[in-house]
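Good morning, and thank you for making time for this presentation. Please have the sequence and the model in view while I speak.

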Amino acid sequence: MERNELYPIFLKVSNLKILIVGGGNVALEKLTFLLKSSPNAQVEMVSPMFREETVQLAKSANIIMHEDSYNPNYLKGKHLVVATTDNVAVNEQVYHDCRERSILVNVADNPPFCDFYMGGIVTKGNVKVAISTNGKSPTTAKRLRQFFEDVIPENIDDLVKNLNEFRKTIKGDFEEKVETLNEFTKGLVEKKNK
C-alpha cells in the first residue's frame with residue numbers, strides 16, 4: 001500500500017509573507033481557502049488580470065495586488081508562494097525560481113511541482129484538523145472535511161479550554177503531566193462496547 005509521507009505542520013501565516021501568482025479562478029480559490037483559515041495572512045498577488053471576485057476579496061482583506069506579469073523580483077522576502085496561472089511555463093518558472101531561493105512553493109494542480117499541498121481544513125474554535133490525500137484527490141479531502149465538520153461537536157472548544165485550565169493545575173514533571181492528561185482524556189477515544 002502506498003503511504004502518505006507528508007509531514008503536517010500548522011503555519012502562523014500572519015508572520016509569513018505569501019505570494020499568489022495568478023488572478024483567475026484558482027487564485028480566488030486559494031486566496032479564499034487561505035483567508036478562511038487565517039484571516040490575518042500576509043498575502044500579495046501578482047497577475048496581468050484579476051477576476052472581480054478576487055479584487056473584492058483582496059480589498060476586504062487588505063491584500064496587496066500587483067497588476068503585472070510575474071517576474072522573480074516578486075519573490076523577494078517571501079516565505080511561501082502559490083502559482084495558479086493557466087500558463088504551465090509560468091507556473092514551472094515560479095517553481096524553479098522558488099527552489100533556487102529556498103522558498104516553499106505550491107503549483108496548483110501539479111503535484112511534482114509542490115513542496116506542500118493545501119488540504120482540507122476543519123476549524124472549530126481552537127481545534128483545527130487538516131486533511132491530506134497526498135495531492136491525489138482534492139475531492140476526497142473535501143468530503144472528509146465535510147464529514148469531520150459534522151462529527152466534531154460545536155462545543156469542542158469548551159473542552160480544549162477546560163483541559164488547558166486543568167493542565168495548569170497538574171503537579172509533577174512533564175512525563176507525569178502527560179500521563180495524567182492521557183488518563184483523564186482517554187474516555188474521549190475509547191470505543192464503546194455494545
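This is a predicted model: local features need pLDDT of at least 70, side-chain atom pairs count only at pLDDT 80 or more; totals for chains, interfaces and linings use all residues.

F148 is partly exposed, with a relative accessible area of 27%. How are the rings of F147 and F148 placed against each other? Their centres lie 5.2 Å apart and their planes stand at 70°, so this pair is edge-to-face.

The structure holds two aromatic pairs in total. The other one joins Y95 and F113: here the ring centres are 4.8 Å apart and the planes meet at 80°, so this pair too is classed as edge-to-face. It links distant parts of the chain, since Y95 belongs to helix α3 while F113 sits in the loop between β5 and β6, 18 residues apart. Are these two residues buried or exposed? Y95 counts as buried, at 14% relative accessibility, and F113 is buried as well, with a relative accessible area of 16%.

Let me turn to the sheet. Five strands make up an open sheet, and their order is β3-β2-β1-β4-β5, with parallel pairing. Which strands stand at the edges? They are β3, residues 64-67, and β5, residues 104-107; each has a single partner strand, so one side of each is left without a neighbour in the sheet. On average, and with direction ignored, neighbouring strands here are turned by 15° against each other.

Helix α3, which spans residues 88-100, packs on this sheet and touches β1, β4 and β5. The direction of α3 makes about 165° with that of β5. Within the sheet, β1 covers residues 17-21 and β2 covers residues 42-47; the two run parallel and are joined by five bridges. As one example, K17 has Q42 as its bridge partner in β2.

Next, the cysteines. How many disulfides does the model contain? The count comes to zero. For C98, the nearest cysteine sulfur is that of C114, and it is 11 Å away. C98 is buried, with a relative accessible area of 0%. C114 is buried too, at a relative accessible area of 15%.

I come now to a pair of helices. The axes of α5, residues 156-169, and α6, residues 174-185, come within 10 Å and cross at roughly 140°. The crossing is right-handed. Which residues meet there? From α5 they are L163, F166 and R167, and from α6 they are T180, L181, F184 and T185.

Finally, I would draw your attention to a glycine. G120 has its place in strand β6. With a relative accessible area of 9%, G120 is buried. What does G120 touch, leaving aside its neighbours within four places in sequence? It is in contact with V129, A130, I131 and A141. P138 lies 18 residues from G120 in sequence, and their C-alpha atoms are 7.7 Å apart in space.

Thank you for your attention; I am happy to take questions.

Conventions: Residues are numbered from 1 along each chain as its sequence is written. Side-chain values use heavy atoms; hydrogens and water are left out. Two strands pair if DSSP finds at least two bridges between them. Helices (H or I, at least four residues) and strands (E, at least two) are DSSP runs, numbered from the N terminus. Axes are lines fitted to C-alpha atoms, for helices over the stretch in contact, and angles run from 0 to 180 degrees between N-to-C directions. Contact means heavy atoms within 4.5 Å. A disulfide is a pair of cysteine sulfur atoms within 2.5 Å. Buried means under 20% relative accessible area, exposed over 50%, partly exposed in between (1.4 Å probe, protein chains only). Rings of Phe, Tyr and Trp (its six-membered ring) pair if their centres lie within 6.5 Å; planes under 30 degrees apart count as stacked, over 60 as edge-to-face and the rest as tilted. A crossing is left-handed if the near helix is turned anticlockwise from the far one by less than a right angle, and right-handed if clockwise.
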